[in-house]
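Subject: Structure handover

Hello,

I am passing on the structure we spoke about, with notes on what was found in it. Please read the notes with the structure open.

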Amino acid sequence: MRKGKTTQRPHAGSVLQAPGIDRYRQRVLVAMLVVAGAFVVLLGRLFYLQVIRGEIYRQQSETNSIRLETIAPTRGLIFDRNGTLLVDNRPAFDLTIVPRDAQPLPSTVAVLSRYVDVPADALMETIQAQRGRSSYKPVVLLQDVGREVLATVEAHRYVLPGVAVQVRPTRHYLYGSLAAHLMGYLGEISAAELAGDRHRTNRAGDFVGKVGIEKIYEPYLRGARGGRQVEVNAVGQVMRVLKTVPAVPGGNLHLTIDMRLQAQAEQLLGGRAGAVVAMIPDTGEVLALASSPAFDPNAFVCGLSREQWKELSCNVLRPLENKAIQGEYPPASVYKLVTALAGLEEDVIDEETTYHCPGHYVFGDRTFRCWRRWGHGEVALHQAIGASCDVYFYQVGQQLGVDRLAWYATGCGLGSPTGIDLDHEAAGLIPTAAWKRRRFNDVWHGGETLSIAIGQGFNLVTPLQAAVLTAAIANNGERFKPGLVRWIRSPEGETLYEGTPVSLGRLPVSAQSLGIVQRAMRGVVADPTGTARIANLEAVAISGKTGTAQVVGRREDGAGEGADVLQPKDHAWFVAYAPSAAPQVAVAVLVEHGEHGSSTAAPIARDLIRTYLLGDTGASPPAVAPES
């Protein structure tokens, strides 16, 4: 061994550690590579989802969402006074499209066009007309589609994304045109109506009452909408219902109308232009309110075509006009009841006062004729009313003057609306000397008073006003507002509204004067010289008054559909009540160009009174209108 030189051996521990460290490092490296690989896969998948397919999934994410759908309420039903159902609801199927779900829209519309047989351009115009609305809101393309269209669309929904058929309740007027002017009809709400306070709970596209009972009692009939929260997929199909708030049905309305009487009144008018009103004298309840010719309100449910509207609006018989409340006619000899009451109250005449009727009356340089050209001879008030002597009332009117006559006529309710719960009621006209000065800048002439005294000249009244006056005479002087609704009740039976008699005041005459006129009205029907002997019934005592209103002008022939029917004949009036001693019904009948109240209008009133009091209709029951 060499001195100063040492040999060092490796430490046993160092020799053993080297292989272990290498293996550890290898494991760490593998783990890092695995984690890195996983991150690469995740990043790659994320890139694919966010960048490559990002737009597609973004659209699907937006469309696969929660939506709120409206549930339309069921509109209240309408019954007559006896519980007969008059207006019901039926299901209507509307074809709708959600533009956002129907992508690509032109392609979807083109496919739909082939199935529903409607040009694609027309469908696109409907969609574009709703451009301001949310693209998630359904657009109604076709209303009330037939079952064939419904089946076709449902069978091909897989190629019609965003297209659906929605069910809504819609009106069905069971008896078609029966009481159409009274019931009214529904129409889509207008922008002006939406802006008003009356329709705060309505939305665009809702159907609301446009005229008649449907309009006046809209707040009770419409109910309250409901809704449901649904989850829809990318093509707008409902996947599940999350929550539902049911709609509240509207209240059920019970009218004062007696359907038997209403149907018979319309049948007796037989399509002739005219009106019939029947009332209960002691309450003002309206039993019948008929206007002829009528229209079918079912035609308005989904809107009229331009041709249908033209046919209705251009018809010279005016089927859209409610002649019972809007028709203004000279009252003719019906007005003699007012002249008689005024003469009695003003002590111009009494029950025994007589005038001689030679068939004419000379006033100034004019000769005023009586309807009976050979005259009535010496007549007192009872016979003058019964035989409707013009000469008698010429002389009474001359002594009264136009302004005193007008005061009594106004006090009897003529010349102003009755306040019935229907819109657009006409006021009529009761002229005065001051009115003529304002209207024509001319003075009143004495000869005009003679015409006014027998219900001609400027006088205008509605059939409803004549019925209210007749009812007031029947019940000894109380005028009642015509009532149309007995009550409105919720589906659960809660009373929401109850009609009660509303007095409009008393006639401005004494009981003694009323008694004289009442006895004379009985003579109109019962006396041998009465003008309404045709209305006499053995079983029921009827009191009444005929009238024949002169027609001073008419539409030219050929002025529209129905012009050949319109003849230059006088209008026929008859007002009546029965039984005479204890009246239960009052009736007013007006037949345009019916010529004579005695032969045309009186039989209608007679048959209605017989039906109401004796139950004998003598008419066919109304047919129920088929569902459209």
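E1 and strand E8 (residues 226–232) run antiparallel and are joined by six bridges. Within E8, glutamate 231 is the bridge partner of isoleucine 66.

Now the model as a whole. Please keep in mind that this is a predicted model. The average pLDDT of the protein is 87, and 89% of the residues score at least 70. Two stretches need a separate note. Residues 12–16 have a pLDDT below 50, and beyond near neighbours in sequence this stretch has one contact in the model. Residues 553–567 also stay under 50 in pLDDT, and for them the model has 23 contacts beyond four places in sequence.

The protein has 21 helices and 23 strands. Of its 628 residues, 47% are buried. Taking the contacts between residues at least 6 apart in sequence, 71% join residues at least 24 apart.

Helix H13 (residues 336–345) is largely enclosed by the rest of the structure, because nine of its ten residues are buried; buried here means under 20% relative accessible area. The buried residues of H13 are Lys336, Leu337, Val338, Thr339, Ala340, Leu341, Ala342, Gly343 and Leu344. Just after H13 comes aspartate 347, which takes a positive phi of about 60 degrees.

How many cavities of 30 Å³ or more does a search of the whole structure find? The search finds one. The volume of the largest cavity is about 60 Å³. Its lining consists of Leu86, Val87, Tyr173, Leu174, Tyr175, Gly176, Leu178, Ala179 and Met183.

Regards

Key:
Residues numbered from 1 in each chain as written. Predicted model: local features only at pLDDT ≥ 70, side-chain atom pairs only at ≥ 80, totals over all residues. Heavy atoms only, no water. Buried < 20%, exposed > 50% of the residue type's maximum accessible area, 1.4 Å probe, protein only. Helix = DSSP H or I, 4+ residues; strand = E, 2+ residues; numbered from the N terminus. Pairing = 2+ DSSP bridges. pLDDT = per-residue confidence, 0-100. Contact = heavy atoms within 4.5 Å. 1 Å grid on protein atoms, 1.4 Å probe; cavity = no way out; pocket = protein on both sides within 12 Å on 5 of 7 lines; lining within 4 Å. Points joined across faces, edges and corners; volume = space filled by probe spheres on them.
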